[in-house]
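This report describes the sheet, the helices packed on it and the charged side-chain pairs of one structure. The sequence and model are shown first.

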Amino acid sequence: MVNNAMENIVFTIGHSTHSIENFLGLLLRHGITVICDVRSSPYSRFNPHFNKDALSKSLRDHGIKYVFLGKELGARSSDPSCYCDGRVQYDALARTELFRSGIERVRVGVERGYKMALMCAEKDPLDCHRTVLVSRNLEYEGFNIFHIMSDGSLETQAEATARLVKQFKLNQDDLFLSPQDVIDKAFRKQEEKIAYTEDDNNSQVSRRAT
């Protein structure tokens, strides 16, 4: 349960393979009033009800606003300085003016009283840049992050971070690393697993050509 007295709250959610009815139910259960779509490409090959236009209409019919922030807060970048050996570097991406403008748009929305949820595709928050990149930077800015899980329960960013550290079997009592160093190491390892690479795009192009 979210503490109603808590300020600067942002939610996240993955649309996964939910039906539109289940997805809307999760949003309404937590009182979400704005969906911020942080997919770089706002389409779903296997779940067309999550394509931008269809989703926007479904949300609007239930009194929820839709905002596309994939250009600002998406996992991909058109800026060559954000890549190293063909892989997006989250630290570099987070320093770009475009990314910072996306964070500012979220801040303004929260300040105006909207209950906002960042939406991407992945079911598990840890498998998605919405957690490893965007939520982490929002946390640095003083936001309290709650991830809406597929069963409707909530996981805080702190709980997700602890789960990630445990997932990589890292020891937070390491004599040579501070607890923050251990957390940073866990996020770097996860970034290596999930960050967008130019090979990902080439594979998508190849699949469309066959």
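## Pairing of E1 and E7

In this predicted model, Val 10 stands opposite Ile 145, a residue of E7. The two strands involved are E1, residues 9–14, and E7, residues 144–148, which pair in the parallel sense over five bridges.

## The sheet as a whole

E1 and E7 belong to an open sheet of six strands, ordered E3-E2-E6-E1-E7-E8, with mixed pairing. Its edges are strand E3 (65–68) and strand E8 (154–156), each of which pairs on one side only. On average, neighbouring strands of the sheet are turned by 30° against each other, direction ignored.

## Helices across the strands

Helix H7 (residues 157–167) lies across E7 and E8, and its direction is at about 75° to E8.

Side chains of opposite charge can pair when their charged atoms come close. Over the whole structure, a search finds nine salt bridges.

One of them joins the side chains of Arg 39 and Asp 37, with an N to O distance of 2.7 Å. Is this pair buried or exposed? Buried is the class for relative accessible area under 20%. Arg 39 has 4% relative accessibility and therefore counts as buried; Asp 37 has 0%, so Asp 37 counts as buried too.

## Pairs within and between helices

Asp 61 and Lys 57 form a salt bridge in which the closest N and O atoms are 2.9 Å apart. Both residues lie in helix H2, four residues apart, which is about one turn of the helix. Asp 61 counts as partly exposed because its relative accessibility is 49%, and Lys 57 is also partly exposed, at 47%.

A further salt bridge is formed by Glu 72 and Arg 105, whose closest N and O atoms are 3.2 Å apart. This pair links distant parts of the chain: Glu 72 is in helix H3 (residues 70–73) and Arg 105 in helix H5 (residues 97–111), 33 residues apart. Glu 72, at 13% relative accessibility, counts as buried, whereas Arg 105 is partly exposed with a relative accessible area of 41%.

## A salt-bridge network

Which residues are linked in a network of salt bridges? They are Arg 100, Glu 104, Arg 107 and Glu 141.

Terms used
Residues numbered from 1 in each chain as written. Predicted model: local features only at pLDDT ≥ 70, side-chain atom pairs only at ≥ 80, totals over all residues. Heavy atoms only, no water. Pairing = 2+ DSSP bridges. Axes fitted to C-alpha atoms, helices over the stretch in contact; angles between N-to-C directions. Contact = heavy atoms within 4.5 Å. Salt bridge = Lys/Arg side-chain N within 4 Å of Asp/Glu carboxyl O. Buried < 20%, exposed > 50% of the residue type's maximum accessible area, 1.4 Å probe, protein only.
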